[in-house]
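Please look over the model shown here.

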Amino acid sequence: MWSKIRNQYFYVMKRIFFALAVAFLSIGVYAQKYAFIDTEYLLKKIPDYESATQQLELSSKKWQKEIDALNSEAQTLYKNYQAEMVFLTDDQKKEKEKEIVAKENEASELKRKYFGSEGELFKKKESLMKPIYEDLYNALKGIAEAKGYSAIWDRATGMIMFVNPNIDISDDVLNRMGYAQ
């Protein structure tokens, strides 16, 4: 019986807390002015972004082919070693094993050089994308200041399920950046 009363008490308290939270949030929402953008939409409309994405993809494929070639060489060396192992002396075996390990290490080092956290792909992406993101930020900042927005939310990366299309300023951002439709 006490557990039933306690459960009802917590249920009522949760409802009261929820109602108060909604009331306070709605007061705060009316005091602010918000807008929404869709970065996926914006970036698809910016030609420099598409060009940068293609350049990154081409470089990535080229570098991956180099790494795959080294890995293939290492596999070939290993298969040859397996086939010849019976005929090799201990010194020759050690020499072949070192050669295989050196080739595998070369492939790993190349992969780190190209795709590591400070690798060539990271550096190239940063150099190509930074100007685009700076332009986007400056356009958003200018629109926010001109129209009095307190915040501009990105619905492409957020968890918002519905947004009134009247407050989406993506086309304004494109116009501000010089990509008018």
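1. W63, Y114 and F115 are linked by ring pairs into a cluster. Rings of Phe, Tyr and Trp (its six-membered ring) pair if their centres lie within 6.5 Å; planes under 30 degrees apart are stacked, over 60 edge-to-face, and the rest tilted.

2. This is a predicted model, in which local features need pLDDT of at least 70 and side-chain atom pairs count only at pLDDT 80 or more, while totals for chains, interfaces and linings use all residues. Residues are numbered from 1 along each chain as its sequence is written, and side-chain values use heavy atoms, with hydrogens and water left out.

3. Three aromatic pairs are present in the structure. Y34 and W153 form a tilted one, 6.5 Å centre to centre with 45° between the planes. Y34 belongs to strand β1 (residues 34–37) and W153 to strand β2 (residues 151–154), so this pair ties together parts 119 residues apart in sequence. Helices (H or I, at least four residues) and strands (E, at least two) are DSSP runs, numbered from the N terminus.

4. Y34 counts as partly exposed because its relative accessibility is 29%; W153, at 46%, also counts as partly exposed. Buried means under 20% relative accessible area, exposed over 50%, and partly exposed in between (1.4 Å probe, protein chains only).

5. W63 and F115 form an edge-to-face pair, 6.4 Å centre to centre and 75° between the planes. W63 is in helix α3 (residues 47–84) and F115 in helix α4, 52 residues apart. W63 counts as buried at 10% relative accessibility, whereas F115 is partly exposed at 27%.

6. D90 lies in helix α4 (residues 90–115) and counts as exposed, with 56% relative accessibility.
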